[in-house]
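Colleague: I would like to go through this structure feature by feature. Please give me the general idea where there is one, then the case at hand.

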Amino acid sequence: MRHSLDGLDPSAAGSAPQLVALLRELRAASGLSIREISRRARDHGDWLPTSTLAAVLNRDSIPRAEVVAALVRACGGDEAAVDTWLAQCGRIAAADVADTGQVPRRLPPAPHAFTGRERELRQIDRHTRDASPRAVVIAGPAGVGKTALALHWAHRALDAFPDGQLYIDLRGFSGSAPLGPEPVLHRFLAALGTDPEEIPPDGDERAAMYRSLLSHRRVLVVLDNARSPEQLRDLLPGTGGSTALITARTDLFGLTATHGVPHLRLEPLTREASMDLLGAMIGRERVAADPEAARGLAAACGDLPLALRLAACQTLARPGQPLGDLRDRIAGAPLANLDLPGDEAAGLRACLDLTRDRLAPADRKALNAIGLHPATEFEPAGIAALTGADPAEADSALRSLATVHLASPTAEGRWSVHDLVRAYAREQAADAPDREEALGRLYDWHLAVAAETLTLLFGLDPEAAPETAVPAPAFDGADDAIRWLDTRQGALAEMIRQASEDGHQWHAGRLATTLWRYQYTRGQRAEALVNLGIALDADRALGDRPHQATVLHQIGNTQRALGDIDGAHLSLAESRSLALANDDPMAALLALGAIGWCHLERWRLAEARECATEAAEGFRDLGDADREMNALDDIAHLDLLIGDHDNAESGFERSVKTFADRGWGQNLAAALAGLALLRLRQDEPDAAGELLDQALEAYHQSGDAFGEAFIRSRLSHVRARQGRAADAVALAEHALDATAAVPSVELRLEVLNNAGFAHLACGDPAAAERLHREAIDLAEAAPDAYEEARARHGLGNALAAAGDTERARTQWAEALRIHASLGTYERHELASLTAPEALR
């Protein structure tokens, strides 16, 4: 076989493309694949990755000498052949740069311990391959690793730029003035071999000469730390194979608009990449020895590469210090502990100072306001309240901060900042002269908005609704108000906690109690209890006994909903005692009515009715028709449980009319549901179905998803009684899905039992048995005696339908025993099932 070097004379190549064409012929004549050549190169002690070989054979520029030598050896050439090929490479390269006389190699060293960023590296590959001009902006906040990424990619891509690499720090964010394009062009032209006397004095002519020199070369230009598009437009390569990498703390979309330069926005590292960086810096064995502390250290550094490197340097300086100690120090005071002693300019604070120094006064004021804001997410209106500006000015300032990556939009008009930026902003705002007044305005605004939602959702007058210069949002109905609250519940909780710690106890207490009804109806009861605990401590610190009574009342209602009946009774009794001592009969009556509900939870129905009756009479004496109506409605529900159907019917009919007139959606829905159950007991399923349809719509309009699930479960039984089996099963399954993870055991139990009765009425005793058995297990664990009795009643029905009469009797008898002990109506139904004649 002909040797692969025979007939291939490198001296016949007069240009770089001709020489590369001969190298391709050399590879083809060898009969070896690229992978086989790479393996042979390793056998000769050369380093020739397949990716590098494929790249150089598909370009028209002279490869590096070591690549040519490795390829010739792998294809069978001896050292004399290698020298021949390298000599011709040198002659062609010398001819190509004759007009400049040199190849610049001005890149700084590659970054130490570079980790992660694989996705970003691929994006740079794509942008520099597809864009025209070949350029990409790497933008991001201070310390995120923009320069490190650019230099890492540049060193990785050296083979792609055999004609040199240029680098300049444009000083966009530094202690000195930014560099303009004219002096940079002078340096670049000189580096490319232009005699200083031949460099044009005119800026446009310099830019034209620069582009001309790059047009037939492959040069990488790294433009680091840029500030504005004006610095850069004349520094971009024109046509040809040269490429520019640009790093900037600010967005440079002006380059995108005029030249189509793409942007790569750099974010903090992933937690795993942060761990890799720490391991590369301080030793992987040290990270492996205490991975939990290392992860905590990465979190304290916000996964910011600069912060991680500074922390690693401190660890290296103190090799005996546990990582957990450093983690705790940085978490407690990040800026004070993320610097290098003796080199303060390298610290994170100094880095952020350079960004802040370039801000306009209004933007700097907004950054300080972010430092004052208690929540991790905020909106322009909150910043406006803190700064005394209007929302449009605050929004403009936040957008300016976003261009330098000090703030980021999240969703629905809200904003956030990196944790270390927040720490910096708080440090800057610590000595603000109007701190207390600014926070007061902020808390006033949030309380005013919360008060508006209370009125919109529940038709209630708030206890406090401050006037604010910043207008509240214009809600487009109840659903809009609920969405606003849903997306800000975490921020509002942070605000309540911080207001109390900042000495704004009055605001903390009023925010918690104003938000309580929303949280209660949305099932956020554990969260509400935390807020109310803060409010109670704030009231005690202020000595505000009347508001303590209000808070204790809400705490008691929340504890009852969470199943802590004893704790609820104690809180409500304390609330009533305080109200009586404060000569506040209204608050005392409210607490009494809630104590009645605690009696109901313990199935002390007589005591519960006594409390409701006394409360109704008291409200009547005070002339409060609304609360009297609520107490009378409570009595109707108790009469339904007891089985006093005549009083229950008149009570519910009165409730339905009154609540509908007043627009009280949730109260109306509950009264309609009670009246529907009464109609079902009277064997009027069509009337019951109409009432439940109305109740479902009322709960929907109120935004009470749990109420909707409860009504659907009752409606499923009604539909089954109407002979609409498919609708019944669909409603039951919908309710079961909606309550699969519901925090209220009581609601889940009712839904399970209602679905069980529905399935049996549809002729599916097996499904009914399964649901009632699940309810029994849950009721015994809760415990909930009433729903356990209903579950055993339903299980008995299912067993009887399946022909298992003996076990059915056992379940009915136990259900009767429980209902008799509770005094509930169902004992009459079960008495007929367990009567001797029925058991024969």
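Colleague: How are helix 18 and helix 21 oriented to each other, roughly parallel or roughly perpendicular?

Modeller: Bear in mind that this is a predicted model. Angles from 65 to 115 degrees count as roughly perpendicular. Helix 18 (residues 361-372) packs against helix 21 (residues 419-429) at about 100°, and the axes are 7 Å apart. The two helices are therefore roughly perpendicular to each other.

Colleague: Which residues make the contact?

Modeller: Helix 18 contributes L367, N368, I370, G371 and L372. From helix 21 come V421, R422, Y424, A425, R426, Q428 and A429. By class, seven residues of this contact are nonpolar, three are polar and two are charged.

Colleague: How is a pair of aromatic rings described?

Modeller: By the distance of the centres and the angle of the planes. There are seven aromatic pairs in the structure. For W445 and W484, the ring centres are 6.4 Å apart and the planes are at 65°, so this pair is edge-to-face. W445 belongs to helix 22 (residues 435-458) and W484 to helix 23 (residues 478-501), so the pair ties together parts 39 residues apart in sequence.

Colleague: Are W445 and W484 buried or exposed?

Modeller: Both W445 and W484 are buried. Ring pairs also link W445, F475 and W484 into a cluster.

Notes
Residues numbered from 1 in each chain as written. Predicted model: local features only at pLDDT ≥ 70, side-chain atom pairs only at ≥ 80, totals over all residues. Heavy atoms only, no water. Axes fitted to C-alpha atoms, helices over the stretch in contact; angles between N-to-C directions. Helix = DSSP H or I, 4+ residues; strand = E, 2+ residues; numbered from the N terminus. Parallel < 35°, antiparallel > 145°, perpendicular 65-115°, else oblique. Contact = heavy atoms within 4.5 Å. Nonpolar A, V, L, I, M, F, W, Y, C, P; charged D, E, K, R; others polar. Phe/Tyr/Trp six-rings, centres within 6.5 Å; stacked < 30°, edge-to-face > 60°. Buried < 20%, exposed > 50% of the residue type's maximum accessible area, 1.4 Å probe, protein only.
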